[in-house]
Amino acid sequence: MPIDETRACLCLASRRAARSITAAFDRALRPHGLRATQFTLLSVLAIKGPTRIGTLATIVGTERTTMTRNVAVAEKAGLVVTHRDEEDARQRLVGISARGRAVLEEAFVTWRRVQGELAAGLGAEAVDGLRRFAAAGRRPTMGAVS
């Protein structure tokens with residue numbers, strides 16, 4: 001059995017890369033009191049406006065329960081505000097607070113620097129491939145993976 005082939009496992013490589021990228025953003029954003037997940041949440045809310053938790057989870061690519069926890073942490077920190085959706089009282093809308101917007105704007109310069117450094121380190125081709133893969137939401141079947 002050529003089990004040594006698993007040393008080149010795309011799943012393992014992508015998980016390691018994701019952890020490394022997240023750690024780089026976390027380190028850089030720490031002085032702003034943010035983690036990468038919070039920066040992403042604030043960015044989405046700044047762009048989209050008040051958004052349902054389920055929609056946020058879909059946009060960010062996480063589970064709804066994880067997003068609910070992330071929103072609770074951000075709300076406790078005063079970065080976001082939540083209220084019931086007038087169209088569906090069972091749903092909560094999340095919006096960026098004035099404090100959240102100020103922190104986001106302050107942290108953006110740092111995010112931009114790290115984004116540029118990581119993109120340069122990965123190279124344009126790898127960055128483009130990563131973005132294409134993420135945008136397509138590809139979930140190849142085992143037969144399609146080579």
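Student: In which helix is Asp26 found?

Tutor: Asp26 is found in helix H1. Keep in mind that this is a predicted model.

Student: Why is Asp26 called buried?

Tutor: The relative accessible area of Asp26 is 12%. Buried means under 20%. The value of 12% falls under that cut-off, so Asp26 counts as buried.

Student: Which residues is Asp26 in contact with, leaving aside its neighbours within four places in sequence?

Tutor: Asp26 is in contact with Leu34, Arg35 and Ala36.

Student: What makes the pair Arg35 and Asp26 a salt bridge?

Tutor: A salt bridge needs a side-chain nitrogen of Lys or Arg within 4 Å of a carboxyl oxygen of Asp or Glu. For the side chains of Arg35 and Asp26, the N to O distance is 3.1 Å. That is within 4 Å, so the pair qualifies.

Student: What makes the approach of Ala36 to Asp26 a polar contact?

Tutor: The backbone nitrogen of Ala36 lies 2.6 Å from a polar atom of the Asp26 side chain. The cut-off for a polar contact is 3.5 Å, and 2.6 Å is within it.

Student: How many salt bridges does the structure hold?

Tutor: The structure holds 3. One of them joins Asp4 and Arg7, with their closest N and O atoms 3.7 Å apart. The distance is within 4 Å, so this pair passes too.

Student: Are Asp4 and Arg7 buried or exposed, and how do you know?

Tutor: Exposed means over 50% relative accessible area. Asp4 has 53% and Arg7 has 71%. Both values are over 50%, so both residues count as exposed.

Student: What links Glu117 and Arg113?

Tutor: Their side chains meet in a salt bridge, at 3.4 Å from N to O. Both residues lie in helix H5, 4 residues apart, about one turn of the helix.

Student: Where does Asp128 lie, and why is Asp128 called partly exposed?

Tutor: Asp128 lies in helix H6, residues 124-136.

Student: Which residues touch the most other members of the largest nonpolar core?

Tutor: Of its 25 residues, they are Leu34, Leu41, Leu56, Val71 and Val80. Several elements each supply at least two residues of this core, including helix H1, helix H2 and strand E3. H2 gives the most, with 6 residues.

Student: How do you know that E2 and E3 pair?

Tutor: Two strands pair if there are at least two bridges between them. E2 and E3 are joined by 5 bridges and run antiparallel. The count meets the requirement, so they pair.

Student: What is the order of the strands in the sheet, and why do E1 and E2 stand at the edges?

Tutor: The 3 strands form an open sheet in the order E1-E3-E2, with antiparallel pairing. E1 and E2 each have a single partner strand, so one side of each is left without a neighbour in the sheet.

Technical notes:
Residues numbered from 1 in each chain as written. Predicted model: local features only at pLDDT ≥ 70, side-chain atom pairs only at ≥ 80, totals over all residues. Heavy atoms only, no water. Core = buried A, V, L, I, M, F, W, Y, C linked by side-chain atoms within 4.5 Å. Buried < 20%, exposed > 50% of the residue type's maximum accessible area, 1.4 Å probe, protein only. Polar contact = N/O pair within 3.5 Å; in protein donor to acceptor, adjacent residues only side chain to side chain. Contact = heavy atoms within 4.5 Å.
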